[in-house]
Amino acid sequence: MIQNKIQGVGVALITPFNNYSVDYEALGRMVEYVIEGGVDYIVALGSTAETATLSLEERQEVLDFIVKQTAKRVPIVAGMGHNNTQALVEQLRSFDLSGADAILSVVPYYNKPSQEGIYRHFMAVAEASPVPVIIYNVPGRTGVNMTAETTLRLAHDSERIVAVKEASGDINQMQRILDGCPKEFLVLSGDDGLTVELIKRGGRGVISVAANGFPERFCRCIHLAMEGNFAEAEAMMEEFAEPLRLIFQEGNPTSVKVMTELKGITRREVRLPLVEGSDELVEATKSAIQRYQLR
């Protein structure tokens, strides 16, 4: 059952670059780093992967590389989103997803569809997808919020839609989903800092940016919460307050790439329209790594 594979910590994996090309050597190091750090699954080609700047050919190559490097040690979720429903349906039919256990599909961006439009979009995605679907609500990026009512409608109307990554930042909206969703449907956090609170309410984990930067410590925190040890998990989350702030200070993945560069895993290079993290951020991140002994 796919729901058993996508609980705990999923890492929204970065895509390392070197002189504007995908750095596959560094990508291999990242895969090993997060698996050794304890992540439960890898999400490839998400927002944090700068997928919007990757060609379709590059996307397939990156996914294929991650599948091969992972060698079935952890499940893989592939990001597959678009603001053109028909184009996404066609991609789902032509893209090789044989190595993926599920897809993560974002609410259509820029168009600002109605709730009915969002519902019909995801029902079309669910019908076309060869693997289960995690729907992704992130209004800060898409410009429109998928309401709890729309999420619940999708959860009840399609067995193919198995989870939601909720990054609205609205814990009350997440609670309404938890209260009304089918028993097997998963509510996953899209905000690292809200994860422990969501798990306390019945959520089943996070798709994380922080797990790129300090997977061992972050996974330990979330796994404690999954085990019901909320006091220790909350204490660890408070300890992470400064590192969590830093990895989003100049945007995602600009800031977390500063941390992975300081650890010697990747360069901090990003593709335009993003720009590299500032020297000030580098110094602040270097200090945080030392102070909090981030591994």
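Modeller: The sulfur of C221 has its closest cysteine sulfur in C219, 9.7 Å away, which is too far for a bond. A disulfide here is a pair of cysteine sulfur atoms within 2.5 Å, and the structure holds zero of them. C221 is buried, at a relative accessible area of 0%, and C219 is buried at 1%. Buried means under 20% relative accessible area, exposed over 50%, and partly exposed in between (1.4 Å probe, protein chains only).

This is a predicted model, in which local features need pLDDT of at least 70 and side-chain atom pairs count only at pLDDT 80 or more, while totals for chains, interfaces and linings use all residues. Residues are numbered from 1 along each chain as its sequence is written, and side-chain values use heavy atoms, with hydrogens and water left out.

Helix α13 (residues 254–262) has seven of its nine residues buried, so it is largely enclosed by the rest of the structure. Helices (H or I, at least four residues) and strands (E, at least two) are DSSP runs, numbered from the N terminus. E50 lies in the loop between β4 (41–44) and α2 (56–70) and is buried, with a relative accessible area of 4%. A polar atom of the E50 side chain lies 3.0 Å from the backbone nitrogen of R271.

Key. Polar contact = N/O pair within 3.5 Å; in protein donor to acceptor, adjacent residues only side chain to side chain.
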